[in-house]
Protein chains: 2
Amino acid sequence: MTYRAPVRDLAFTLQAVAGIDRVAATGAFPDYDADLLGAVLEAAAQFSEGVLAPLNRIGDLKGSTWADGAVSAAPGFADAYRQFAEGGWTGLSAPAHAGGQQLPKALELAAYETVHAANMAFGLCPMLSLAAIEALEAHGTPSQKDIYLSKLVSGEWTGAMVLTEPGAGSDLGALTATATPNGDGTWALHGQKIFITWGDHDATDNIVHMVLARLPDAPAGPKGISLFLASKFLLNEDGSLGARNGFRAVGVEHKLGIHASPTCVMSYEGATAELVGQPNQGLAHMFVMMNAARLAVGVEGVGIAERAYQHALAYARDRRQGRSAWTGEANAPIVDHPDVRRMLAVMKAKIAAARAICLSTGVAADLAKHAATDEDRRRWKGREDLFTPIAKAWSTDIGCEVASMGVQIHGGMGFIEETGAAQYYRDARIAPIYEGTNGIQAMDLVGRKLSQDGGQSVRDLIADMKATLAVLPRLYSGRPVEALAEGVAAVEEATAWLLERKGAADGAADVLAAADGYLKLVGDVTGGWMLALGAIHARDQLDGGQGDPAWLEGKITLYEVYAANVLDGAAGRMAAIRQGGALLERMSADVLAG
Amino acid sequence: MTYRAPVRDLAFTLQAVAGIDRVAATGAFPDYDADLLGAVLEAAAQFSEGVLAPLNRIGDLKGSTWADGAVSAAPGFADAYRQFAEGGWTGLSAPAHAGGQQLPKALELAAYETVHAANMAFGLCPMLSLAAIEALEAHGTPSQKDIYLSKLVSGEWTGAMVLTEPGAGSDLGALTATATPNGDGTWALHGQKIFITWGDHDATDNIVHMVLARLPDAPAGPKGISLFLASKFLLNEDGSLGARNGFRAVGVEHKLGIHASPTCVMSYEGATAELVGQPNQGLAHMFVMMNAARLAVGVEGVGIAERAYQHALAYARDRRQGRSAWTGEANAPIVDHPDVRRMLAVMKAKIAAARAICLSTGVAADLAKHAATDEDRRRWKGREDLFTPIAKAWSTDIGCEVASMGVQIHGGMGFIEETGAAQYYRDARIAPIYEGTNGIQAMDLVGRKLSQDGGQSVRDLIADMKATLAVLPRLYSGRPVEALAEGVAAVEEATAWLLERKGAADGAADVLAAADGYLKLVGDVTGGWMLALGAIHARDQLDGGQGDPAWLEGKITLYEVYAANVLDGAAGRMAAIRQGGALLERMSADVLAG
């Protein structure tokens, strides 16, 4: 089974749903136009299909390997990475002054969906470089930008995010790595870090580690953490690589999936490092990287789901069993059995919704930086902030769900590793965990994101959804319309309830108990809204005699599938949202163990 | 992490929810009483915890191995099997005349839940013997019972179900293996079979294969299939093992999970076999085995979920991060964070519901055979038939879901194989597939099961649920009561709609499009009903001053958790049930690929 990048759907989603034309209209991306969008997606498709997809299985089987403090990438990965960097793929959205192509973030995300779909373990490597680029661009000194930023943008070096410690995962405030002054302006890092993705490898000559650690006089907790940059090799005066720096990989984890992505245990033993940004502001600085990475992980969820979907669809068209309920054909392809068709249709609808949410978040991020007015930038920043945890959590849950349905469609063959469906099921499982578990995302949504503007971003979203709802009866009648109306009403009701509980002295546990249900509700309804936007656009194109009629009709049907199978159940989450902290408190650890 | 069998909960579910006392009252199980129930569960717990659970990880790591046409069980498994057989565990529910203990099926299922939880790959071996025992008991000749049944009951030999071929999976009617007469009353089997669980191994001296094949003059399709018995070793006149029979394992599959369960490709090359039952009735005869096995697979789903739950709960009580929302404690165990508590509470509630459904199906199966009157037996047979696909599909979906939540609760550690959570996630994934995919179960429910009695079994179920609903306001008010009422109303409405569509000339695709949603709806609501039954019983015990108050209060809280997080969303499945075959038909294979 070969992967085919969904170029047409990526372009449609960027243009008709996410509204990338608004980004172009800011003038911040002078090279960007619709032709370039098409060219970039086509080129990404070619690379992902031709170079990355064929390495996916060997990467799973062989994995990356560790020996004597150094990691070797899986067979073929180093060469593929060099081609990737040479193709300019690490600099798509980076600023021109650093050698980047200065294209919209949203377009980069669409291109990277094909990378993650083709080879999720590979995609993590440049994804982390992009996060490091964002952090250095925002907080690096001119010298750091001069030296490190351009090498990351060119892809000659890769970046790594170095946060987690055995005792400090979701709670980064607990971390204990230290940085002591060397007296020459540099710092000496000490400590052990775990779960460092692509923390070491042999695909590039050098690796730039962005490390969180504590200054000697730092306050305890999250306000005493600083961000450092440590280069695998120290640099000579002329910029050439010098001595090996004092950190190394002391092992790699044996994981359920993404075997070709080395997950390193790193030991820092007096590693020379530079401070990035302000002392004790490391966590805030790192959030720049983390938010970018969270959205990128959402796109990973979409990519792995797309891959699993294509694999399952190909099997369902090929495999023959039983009689078709529609045609009566004997020994029919199983795609002609309604229950298999239903699974595939739901998979496709959920993927399209998640893709739309992620790319819309990318557009919001572009507009948050480049929209014309302060007011517009503030509004788009609110949308970006609101959508980021949803893009991450909702899309990665769908990655797992779709990969699991992909296994199911294969029947017994799905459980056999050679078939390939099982790899997606294993690989997909990491995405709801890293870059902040999906539970952390939900807490971020109901905590910071809902209150930072008193709920204004959600009200803006609800207003946008209601505007679409007013148009929907032009396309549908009955349940498809009612389902979105009820969904939007549920978001309104749930938001009001949450804001009330957030204001109450005894409301904290209620809000946290509601977090997961609220994120899922807003995700389900937002996804439905976006598929409705796509359907309306398709209707307009059809009415205007443009485009491929069958494909556009498919967009109109897809919303109906989503409405019946996802959206109509969304309001049913209200009870979980309102369950209350007291109920869970009664369900104590002793009761759980009883 | 050690597994602890949930003996108290198994006993409570059998007695307070499934109503095993009704089984005892039939008089068909003279040795059974409540003391024996406790003794059997305690002994099963001891064996599963002490012998089977410690082999689970090594079984995953080493797996079973194949060489030169023969399979070796994973390290320790053959010895564990011999202890298992010596303990009498393969004959719990078998008839006394065959050397069994003639205990209720429901009790056997409860005991086996601990086996599957401790070591799912191991449990498959005796599970298939039990299925073979049922088939031989129902359809074997006196001589076959004499020779083979007693050896299966004693556990000296094991049984295997030999159905699937590369071109005949869900559609067994397509199978092509042949049986030609040898002239001496025996038959010669030819053909290749795949996915034969424990089809070969070295844990016993002999293996009894129950094989589907076609007679030379058999009609095409499902009505031309016969059931045969082929013994790995031919038997001498005196019953001792003679020459090796003409079939062997030509390979084992490399699978996502249950590595210690050999999944064999079997080749029959003139293997000597006996006909079991009537010619061309093999599929009907095999359904005796398959229905028993389907319920057993449901119990596997419960077992693997319980194991994953315990593992995650232990981690959540041990792992410390952040501040508790309830106590304000810093560096609190993560079980004191509402979102983690919610996950564990939902896991526990779903496991309890699935356990209740499976054990109630077991009770129904016992009563279908042994209730006093024809009318009662007919009614319980209807309940057994109705519940079997739900027990299989709903419980195994929960097995996967709970195992996935178990990974999630571990955070990054969950993705590391050494932690153990990932194995449950991998192992659990097979259960929705084998013994008829969950899609096949759903079709069985809306097809055969719903119409075989004109919907009477569902109406009986609805009447029972309404009787419980009338009592519920004694324990709860508001949403917990309304949720069950709405759920029952949804089941009523969906059933009426389905029966109408089944009667319509153009309804076939509508019914099949509804199948999955209907099974999930009935499962969700039935699970809620059963937790309500448990809560009512707990209330009665509390009011009577019996039992452990904290534990019983936990049962009352558990229903509330289920009502808020599962039951309240059940009615939201109505749109998926009503989506219609025409919508899916429009979502054609070309649209899916577009």
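Predicted model: local features only at pLDDT ≥ 70, side-chain atom pairs only at ≥ 80, totals over all residues.
I started with A:K193, which makes a salt bridge to A:E165, with 3.0 Å between the closest N and O atoms. The two sit in distant parts of the chain, 28 residues apart. I found A:K193 in strand β5 (residues 187-197) of chain A, and A:E165 in the loop between β3 (157-162) and β4 (178-181) of chain A. Both A:K193 and A:E165 are buried.

**Other salt bridges inside a chain**

Next I asked how many salt bridges the structure holds over all chains. The count came to 84.

I picked out B:D516 and B:K520 in chain B, whose closest N and O atoms are 3.0 Å apart in a salt bridge. They are four residues apart in helix α16 (residues 508-543) of chain B, so about one helical turn separates them. Are the two partners buried or partly exposed? B:D516 has a relative accessible area of 17%, so I put it down as buried. B:K520 comes out at 23% relative accessibility and therefore counts as partly exposed. The cut-off for buried is under 20%.

Then I looked at B:E329, which forms a salt bridge with B:R320 at 3.2 Å between the closest N and O atoms. B:E329 is partly exposed because its relative accessibility is 32%. B:R320 is at 37%, so partly exposed goes down for that residue too.

**Where chain B meets chain A**

I moved on to the interface and checked contacts. On the chain B side 85 residues are in contact, and they touch 85 residues of chain A. Which residues of chain B lose the most area to chain A? They are B:F415, B:Y425 and B:L592, together 11% of what that side buries.

For charged pairs, I got six salt bridges across the interface of chain B and chain A. One that I looked up joins A:R317 to B:D590, and their closest N and O atoms are 3.1 Å apart.

Helix α17 (residues 549-565) of chain B supplies the largest share of the side that touches chain A, with nine residues. Sorted by class, that side of chain B has 41 nonpolar, 23 polar and 21 charged residues.

Methods
Residues numbered from 1 in each chain as written. Chains lettered and ligands numbered in written order. Heavy atoms only, no water. Salt bridge = Lys/Arg side-chain N within 4 Å of Asp/Glu carboxyl O. Buried < 20%, exposed > 50% of the residue type's maximum accessible area, 1.4 Å probe, protein only. Contact = heavy atoms within 4.5 Å. Buried area = accessible area lost by both parts, 1.4 Å probe. Nonpolar A, V, L, I, M, F, W, Y, C, P; charged D, E, K, R; others polar.
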